[in-house]
Structure formats: structure tokens, C-alpha cells
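Hi everyone, thanks for coming.

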Amino acid sequence: MALPLLRCCSCNRPVSILIRYFTSKPLLANQSRRLAPVSSTVCNVRQYSERGRHKQNQKVVVVGIPNPFIWFRTRIYFFLIRTYFDKEFSIEEFTEGAKQAFSHVSRLLSQCQFESLEGLVAKDLIEKLEEKCAHLPLSHQRALSAESDEIMYTTTGDVGIYYDDSGRKFVSILMRFWYLTSARIPDDSMEGARIFQVAIGGEGEKPETKRLLTANYEFQREFTQGVTPDWIITRIEHSKLLD
């Protein structure tokens with residue numbers, strides 16, 4: 001059924017990331033990755049080292065500048081959600097929950113545990129995913145999984161507010177994720193994917209090659225009075241894997 005909607009759409013230009021590898025000093029060797037907003041510039045990967053020192057662990061830093069127009073526009077929709085639907089809505093809390101859901105659902109997808117997706121993913125979408133995953137090579141299935149500590153960046157891509165003819169109210173939020181994977185995927189089948197190396201071991205050990213992949217997950221919730229207040233995933237896209 002077609003529903004009237006109020007929608008905020010971001011542009012379709014590819015969002016890229018400036019990633020730099022900084023050689024960690026001894027006292028910083030165990031520090032976690034630092035994240036910052038993503039900019040709309042071409043992905044650039046650089047590696048920095050210090051002469052005369054042994055090879056050490058490295059950390060990933062994501063740096064960028066958000067599009068101010070899209071940022072402001074999405075904040076207007078978040079204000080509308082708090083005003084007319086949920087006074088306690090927080091995009092920060094929603095983002096953290098979305099990251100956990102993304103990690104959990106992507107892991108189930110990579111393991112083809114479709115029955116476990118019930119209640120988390122829309123039923124009609126589960127059927128489509130099962131059909132698509134059945135034709136994926138094993139290496140591509142493994143690349144679907146995103147561990148929580150491998151999620152490099154998360155941002156809002158699209159916000160929609162829907163009403164149908166019977167007065168039911170819906171809100172949808174599209175989240176975009178950038179994550180690392182060590183799955184072995186042929187280069188010719190992953191056009192546009194970012195490839196780089198992360199030095200995990202000490203000197204003499206071969207660095208682990210990882211890829212930076214993107215995924216879009218849309219979360220929808222019905223705000224009609226008397227309906228269970230649960231968010232459900234209605235759209236799943238993994239670039240070059242599940243389009």
C-alpha cells in the first residue's frame with residue numbers, strides 16, 4: 001500500500017573516508033581506534049613510520065567533515081520525531097543500538113541463520129535475503145559479518161515519516177556503516193572496495209590485509225497507539241555483496 005510520506009533524502013554521491021595509519025608509540029600501543037565524521041572526498045590511505053624504530057602496532061584513525069546541509073536537515077527530522085512521536089528519542093542512543101543490531105544481524109546473515117532473523121528483520125525481506133545468500137560464494141558470505149570493533153564509522157543516510165489512510169504512523173531511519181573485513185574476496189568481484197593492511201603482530205610478521213566495506217540498514221518503527229514499540233529492519237544492502 002502506498003503511504004504518504006515526509007522524507008529526508010541525502011544525495012547519492014559516494015561518501016568516502018580519509019584513513020590514516022599512525023605508528024603507535026609504546027604507551028599508546030593499546031589505545032582504541034579514534035573516529036570522526038566522514039567527508040565527501042576520495043578515500044586516501046597513508047602509512048606513517050619512524051626511522052630507526054622497530055615495527056609496532058598501528059591504529060586506524062577516521063577523519064572527515066560532514067555535509068552541513070544533510071546534517072542540519074536530519075536534525076530537523078529528529079526534532080519532529082521527538083515532538084510528535086517519542087519525546088525520549090535520542091539519535092545517539094539509536095545509533096548505538098543500530099550498531100549492535102547491524103553487527104548481530106550481519107553475523108546471522110553470514111552464517112545463513114535466517115530463522116534467527118525473525119522478529120529482527122521484516123518477513124518479506126528475510127525471504128529475499130535467503131534467496132540472495134544462496135547464490136553467494138562462501139567468501140562473500142563471510143564478508144557480510146561485521147564485528148562491533150570493526151565498525152569504523154556510522155552515519156544517518158535517510159529519514160522518513162509515513163502516514164497511511166487508516167491513520168497509522170511510521171518512522172524509518174536509514175543507517176550507513178563502514179566496516180573492516182579480513183574475508184578473502186577476489187579483487188575483480190569487489191570493484192570500488194578499499195584495500196589496506198593493518199599491522200597486528202610484531203616485526204617479521206606478515207600484516208593482515210583487510211577491506212573497508214559499506215552497508216545500508218533501514219530501521220522502521222510504527223508509532224500508532226497500542227502497537228508494540230519495536231524497531232525492525234526493512235532494508236539491507238551490502239555494497240558489492242547484497243545490492
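Let me begin with a term: a nonpolar core is a set of buried Ala, Val, Leu, Ile, Met, Phe, Trp, Tyr and Cys residues joined through side-chain atoms within 4.5 Å. Buried, here, means under 20% relative accessible area, with exposed being over 50% and partly exposed in between, using a 1.4 Å probe and protein chains only.

Two notes on how to read all this. This is a predicted model, where local features need pLDDT of at least 70, side-chain atom pairs count only at pLDDT 80 or more, and totals for chains, interfaces and linings use all residues. Residues are numbered from 1 along each chain as its sequence is written, and side-chain values use heavy atoms, with hydrogens and water left out.

So how confident is the predictor? pLDDT is its confidence in each residue, from 0 to 100. The mean pLDDT of the protein chain is 75, and 63% of the residues reach 70 or more. Please keep an eye on residues 8–56, where pLDDT stays under 50. For that stretch the model has 115 contacts beyond four places in sequence, a contact being heavy atoms within 4.5 Å.

Now the overall layout. The protein chain has four helices and ten strands. These are DSSP runs numbered from the N terminus, with helices being H or I of at least four residues and strands E of at least two. From the N terminus on, the order is β-β-β-β-β-α-α-α-α-β-β-β-β-β. Of the 243 residues in the chain, 40% are buried. Among contacts between residues at least 6 apart in sequence, 75% join residues at least 24 apart.

Let's go inside. In soluble globular proteins, nonpolar side chains tend to be buried together. The largest nonpolar core here has 43 residues, and those touching the most other members are Leu 109, Val 121, Tyr 217 and Ile 236. At least two residues of this core come from each of α1 (68–84), α2 (91–110), α3 (123–133), β6 (151–163), β7 (169–181), β9 (208–222) and β10 (232–238).

Is His 238 buried or exposed? It is buried, with a relative accessible area of 0%. Its side chain makes a polar contact of 2.9 Å with the side chain of Tyr 217. A polar contact is a pair of N or O atoms within 3.5 Å; within protein, one must be able to donate a hydrogen and the other to accept it, and residues adjacent in sequence count only if both atoms are side-chain atoms. Beyond four places in sequence, His 238 also touches residues including Phe 102, Ser 106, Leu 144 and Asp 243.

Next, a loop: Asp 164 lies between β6 and β7. Asp 164 counts as buried, at 10% relative accessibility. The side chains of Asp 164 and Ser 166 are joined by a polar contact of 3.0 Å, and the Asp 164 side chain also reaches the backbone nitrogen of Gly 167 at 3.0 Å.

Finally, two backbone details to look at. Cys 112, in the loop between α2 and α3, has a positive phi near 55° without being a glycine. Lys 240, in the segment after β10, is likewise not a glycine and has a positive phi of about 70°. Cys 112 is partly exposed at 31% relative accessibility, and Lys 240 is partly exposed at 38%.

How values were computed: pLDDT is the predictor's confidence in each residue, from 0 to 100.
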